[in-house]
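Trainee: Before we discuss the packing of helices and aromatic rings, may I see the model?

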Amino acid sequence: MGDEITVEGEDARHLAQVVRMRPGERLRVSRILPGGAEGDSFLCELTGAEKTCIRLRVLENVPSTELDNAIVLFQAIPKGDRMETVIEKAVELGAREIVPVEMKHCVVRLDEKKKKSRVRRYQTIAENAARQSKRSRIPKVGDVISYREALERAKTSDICLVPYECEDGMASTEEALAKITPGKSVSIFVGPEGGFAEEEIRAARDLGMDVISLGRRILRTDTAAIAAMTMVMLACEKRK
């Protein structure tokens, strides 16, 4: 240990001018590899700060905060700012990627220009949430895709969960969560305010996906995303 690290750009400006860190204070630093892959994480001590550059001394390596499972949340685009809440909380709970999906009963319909600007904003929210929750990598927010495209992407996952308000009982949920073991990839589909269309659920069943219940109450789409992510996160942490 004792190696020096230099942080530049926006991160340095934030630490020096917003957080106002001073020499001697400590912070956690994660090295993000190309493509957003996980790198090493360190406990560091600040040795010097300027407006656009800070210097750190490495004290020790610290354990990764990442789950052993790659979790992708396919989230139907909700109205208002609920997508921002979903992204923030999904990142805190360990999602590797969040993908906005257009489904039949989505209230919001975006043109191509808005899709691109929304995704850029969503990625910024994911990055901020990753820093706040001490993630060892920055989750990706994917481009907006159709439900059919989302199903095709999810086919490569080891486990696919589809919380559905019309599914009765928790037995299917418990069976699906029991399949989650270290290293297995998990996809989660969360429907829009109007719920999944019947044909969307049929398509998921036809592909062998696990249609599950989140309980006897009807949840808002953002609540359903947080509930499903929490269940999966606990299953991943339990078996780590």
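Mentor: A residue counts as buried when its relative accessible area is under 20%. Please keep in mind that this is a predicted model.

Trainee: Are Phe-74 and Phe-189 buried or exposed?

Mentor: The cut-off for burial is a relative accessible area under 20%. By that criterion, Phe-74 and Phe-189 are both buried.

Trainee: Which class of ring pair do Phe-74 and Phe-189 form?

Mentor: Planes under 30 degrees apart count as stacked. The ring centres of Phe-74 and Phe-189 are 4.7 Å apart and the planes lie at 15 degrees, so the pair is stacked.

Trainee: How many residues apart are Phe-74 and Phe-189?

Mentor: Phe-74 belongs to strand β5 (residues 71-76) and Phe-189 to strand β10 (residues 186-190). The pair therefore links distant parts of the chain, and the separation is 115 residues.

Trainee: What is the class of the pair Tyr-164 and Phe-196?

Mentor: Planes over 60 degrees apart count as edge-to-face. For Tyr-164 and Phe-196 the centres are 6.4 Å apart and the planes stand at 75 degrees, so the class is edge-to-face.

Trainee: What is the relative accessible area of Phe-196?

Mentor: Tyr-164 is buried, at 13%. Phe-196 is buried as well, and its relative accessible area is 5%.

Trainee: How are the axes of helix α2 and helix α7 oriented?

Mentor: Helix α2 (residues 82-92) and helix α7 (residues 221-238) pack at an angle of about 10 degrees, with axes 9 Å apart. Angles under 35 degrees count as roughly parallel. Helix α2 is therefore, relative to α7, roughly parallel.

Conventions. Residues numbered from 1 in each chain as written. Predicted model: local features only at pLDDT ≥ 70, side-chain atom pairs only at ≥ 80, totals over all residues. Heavy atoms only, no water. Axes fitted to C-alpha atoms, helices over the stretch in contact; angles between N-to-C directions. Helix = DSSP H or I, 4+ residues; strand = E, 2+ residues; numbered from the N terminus. Parallel < 35°, antiparallel > 145°, perpendicular 65-115°, else oblique. Phe/Tyr/Trp six-rings, centres within 6.5 Å; stacked < 30°, edge-to-face > 60°. Buried < 20%, exposed > 50% of the residue type's maximum accessible area, 1.4 Å probe, protein only.
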